[in-house]
Amino acid sequence: MIRALAAACLALAVQGASAQLALRDDRGVEVVLAVPATRIVALAPHLAEIAFAAGAGAKVVGVSAHSDFPAAAVQLPVISDATHVDFEALALLKPDLVLAWRSGSRARDVAQLEARGFRVYSTEAGALEDVPRLVRAVGRLAGTSAIADRRAGEIEAELDAIRRRHAGRPEVRVFYEIWHDPLMTVSGRHLVSGMLALCGGANVFADAQPLTPVISREQVLAANPDAILLSAPPDQARATAASWRQFKTLRAVQRNQLHAMDPALINRMGPRVVEGAEAICSTLEQVRKAGAN
């Protein structure tokens, strides 16, 4: 009888151990959950989008500022922004998983969350293939792998179709402006560079070392891009474009190739990169036509 009970306890222990979820995040830290997460907080808008795409939207209980997609995310409590995490508000939500952004969430905030006992899965999408990878990862952590795997496969197929449609197109040299004062762009390690490459675009500041370097207007003049893509809403982009038009030697200005791009589709490292890539590809085709005339 005692032996039978001992064997049963051992079997239950083994079963419990095998049921644990262990996944290494993009810091190289192994995140272990006893059971799939049921209460998730996302510390960046794109992480909320990834959670919803992974089929875990109903489990998201808190988001960061500017989490405006999908519509259901707008209704959730905001517990962080780009510079601050409201630890007390977050604790009240009792999350069993916090999704962080490695290059966007402050390291000391992540450390404090872990010190308080929260499980933090830190992510970084530096390449297009990272987006479906993270959808799958969040699906695994949330116990929604069937949905996540299907959506990740769709994203991969859609990106591959875009790549094939634009293979061999003439190169377009692009300056991608993410902020005007100070003037900021993206390096080759940023997801946007991968989206440009998908469409036959080349980031003129790909060799910059910081992920989002501050540059000078003289550097843009020296690079002399074929096109300037302005990451801003249309009204703001119009004002920014007007400030560039004074630089008459710029090829992009001479050909009137200054274009507003929706930052929510392009700058966010989430599932809508497909729509962002389509927008970039369409814009670069306009640039090519203008150059051919």
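Tutor: Two strands pair if DSSP finds at least two bridges between them, where strands (E, at least two residues) and helices (H or I, at least four) are DSSP runs numbered from the N terminus. This is a predicted model, in which local features need pLDDT of at least 70 and side-chain atom pairs count only at pLDDT 80 or more, while totals for chains, interfaces and linings use all residues. Residues are numbered from 1 along each chain as its sequence is written, and side-chain values use heavy atoms, with hydrogens and water left out.

Student: Why is Gly-62 called buried?

Tutor: Gly-62, placed in strand S4 (residues 60-64), has 0% relative accessibility, and buried means under 20% relative accessible area (1.4 Å probe, protein chains only), so Gly-62 counts as buried. Leaving aside neighbours within four places in sequence, Gly-62 is in contact (heavy atoms within 4.5 Å) with Ile-40, Val-41, Ala-42, Pro-77, Ile-79 and Leu-93.

Student: How do you know that Cys-199 and Cys-281 form a disulfide?

Tutor: Their sulfur atoms are 1.9 Å apart, and a disulfide is a pair of cysteine sulfur atoms within 2.5 Å, so the pair qualifies. A search of the whole structure finds one disulfide; with -75 degrees about the S-S bond, the link of Cys-199 and Cys-281 is left-handed. Cys-199 lies in the loop between helix H8 (191-198) and strand S11 (201-203), whereas Cys-281 lies in helix H13 (residues 273-292), so the link ties together parts that are 82 residues apart in sequence.

Student: Why is H6 called roughly antiparallel to H7?

Tutor: Helix H6 (residues 130-142) and helix H7 (residues 145-165) pack at an angle of about 175 degrees, with their axes 8 Å apart. Angles run from 0 to 180 degrees between N-to-C directions, and axes are lines fitted to C-alpha atoms, for helices over the stretch in contact. Angles over 145 degrees count as roughly antiparallel, which makes H6 roughly antiparallel to H7.

Definitions and conventions:
Parallel < 35°, antiparallel > 145°, perpendicular 65-115°, else oblique. Buried < 20%, exposed > 50% of the residue type's maximum accessible area, 1.4 Å probe, protein only.
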